[in-house]
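I opened this notebook to record what I looked up in one structure. The entries follow the order in which I checked each topic.

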Amino acid sequence: MSKTARNHLEDVIEYYDRTRFDYRVAWDDSEHPAVHFGFYDEQASNHKDALMNTNRVLADRVNAQAGERLLDAGCGRGGSCFWLAKNRQVRPTGITPVASQIKDCQEQAQKLGLQEQVNFVQADYCQTDFADASFDIVWACESLCHAQQKGDFYREAFRLLRPGGRLIIAEYIRQKRPLAAREEQLLAAWLNRWAIQDIDSQDEHLSHAQQAGFAKVEMENVTPFTRTSLRNLHRNASNWLWLSHLLRWTGLRSKVQHANMLGSIRQYEALEHDLWFYAILTAVKP
């Protein structure tokens with residue numbers, strides 16, 4: 001791993017360490033704790049249900065079956081792994097480079113009695129120690145964004161999947177490259193505060209997947225189903241920004257925490273300026 005890549009990974013780890021409290025208290029502290037956005041449709045009309053509904057939508061898209069081995073690449077606090085084990089009876093392995101998240105996942109697995117069904121490993125999803133063809137499904141929900149080179153993720157996912165295995169990704173997608181200078185600045189004002197260096201366009205993602213060897217690569221813009229969740233985060237962050245400023249000034253809130261709140265505001269502003277969209281990508285290893 002290059003020094004630049006190592007430094008970026010350290011930034012990602014610091015971001016999730018510093019914002020651990022925020023995600024737990026301000027977003028979701030259920031038995032299936034989510035650090036992703038919610039999917040609003042006829043089956044979900046409130047925040048908690050929409051967060052769980054994201055798991056259902058992705059599981060349906062990838063046709064997750066009982067007994068299948070699934071890698072949650074960037075598992076966060078383990079919410080999707082727990083949901084999948086309980087509701088689809090798959091065998092999830094969650095990976096994240098963040099040691100504090102692994103600790104949270106293992107503790108929650110014990111509380112839920114799922115320690116025999118789920119497994120958590122501290123690892124970088126672009127370079128793992130798993131053997132070739134170890135999984136039936138690779139799942140990445142709002143985690144691929146953190147990869148410096150998205151192509152590295154696709155190549156590793158392809159290696160890890162058995163023939164016929166499926167890839168499912170929920171991700172932020174830039175509208176084009178390049179945007180106008182002011183638009184790039186607004187996008188970066190969101191991304192960089194969330195420890196994301198950049199996001200790729202639809203064409204770039206499709207190219208990465210195809211070059212890695214995937215077939216049946218499809219991407220769907222599902223922003224209409226996630227817009228309520230995106231807007232809710234913007235509203236909550238805007239309402240409490242004054243308190244974050246005060247706590248930052250008094251030293252009770254870290255620079256990373258305050259930046260996270262500002263990023264939560266900028267993400268929706270960038271969406272309203274049509275700089276990015278929320279998409280689901282699926283692909284198959286031939």
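Which residue in strand 7 is the bridge partner of Glu218? I found that Glu218 has Thr282 as its bridge partner in strand 7. I note at the start that this is a predicted model, in which local features need pLDDT of at least 70 and side-chain atom pairs count only at pLDDT 80 or more, while totals for chains, interfaces and linings use all residues. Residues are numbered from 1 along each chain as its sequence is written, and side-chain values use heavy atoms, with hydrogens and water left out.

**Entry 1: the sheet**

I looked up the strands, which are DSSP runs (E, at least two residues), as helices are (H or I, at least four), numbered from the N terminus. Two strands pair if DSSP finds at least two bridges between them. I recorded an open sheet of seven strands in the order 3-2-1-4-5-7-6, with mixed pairing. Its edges are strand 3 (119–122) and strand 6 (215–221), each of which pairs on one side only. On average, neighbouring strands of this sheet are turned by 15 degrees against each other, direction ignored. For such angles, axes are lines fitted to C-alpha atoms, for helices over the stretch in contact, and the angles run from 0 to 180 degrees between N-to-C directions.

I then checked single pairs of strands. Strand 6 and strand 7 are antiparallel and share five bridges. Strand 5 and strand 7 also run antiparallel, joined by nine bridges, and Ile169 stands opposite Leu281 of strand 7. Strand 1 (residues 69–73) pairs with strand 2 (residues 91–96) in the parallel sense over five bridges; here Leu71 has Thr93 in strand 2 as its bridge partner.

Buried means under 20% relative accessible area, exposed means over 50%, and partly exposed lies in between (1.4 Å probe, protein chains only).

**Entry 2: helices on the sheet**

Helix 3 (residues 47–62) lies across strand 4 (135–141), strand 5 (161–174), strand 6 and strand 7 (276–284), and runs at about 140 degrees to strand 4. Helix 4 (residues 79–87) packs on the sheet and touches strand 1, strand 2, strand 3 and strand 4; its direction makes about 180 degrees with that of strand 2.

In helix 6 (residues 150–160), the buried residues include Phe153, Tyr154 and Leu160. Among the elements that cover the buried residues of helix 6 are strand 1, strand 4, strand 5, helix 8 (202–212) and strand 7.

**Entry 3: salt bridges**

How many salt bridges are there? I took a salt bridge as a side-chain nitrogen of Lys or Arg within 4 Å of a carboxyl oxygen of Asp or Glu, and by this rule the count is 26.

Arg20 forms a salt bridge with Asp104, with the closest N and O atoms 2.4 Å apart. This pair links distant parts of the chain, as Arg20 is in helix 2 (residues 20–27) and Asp104 is in helix 5 (residues 99–112), 84 residues apart. Arg20 is partly exposed at 30% relative accessibility, whereas Asp104 is buried at 9%.

A salt bridge also joins the side chains of Arg162 and Asp136 (2.4 Å, N to O). Arg162 lies in strand 5 and Asp136 in strand 4, 26 residues apart. Arg162 is partly exposed, with a relative accessible area of 25%, and Asp136 is buried at 8%. I also noted one network, in which salt bridges that share partners join Arg174, Arg177, Glu184, Asp198, Asp200 and Glu204.

**Entry 4: backbone details**

I found a cis peptide bond between Arg177 and Pro178, with omega about -5 degrees. Pro178 is in the loop between strand 5 and helix 7 (181–191).

I also listed residues other than glycine with a positive phi. Asn63 has phi near 55 degrees; Asn63 is in the loop between helix 3 and strand 1 and is partly exposed at 46% relative accessible area. Glu142 also has phi near 55 degrees. Glu142 lies in the loop between strand 4 and helix 6 and is buried, at 6% relative accessibility.

How values were computed
Contact means heavy atoms within 4.5 Å.
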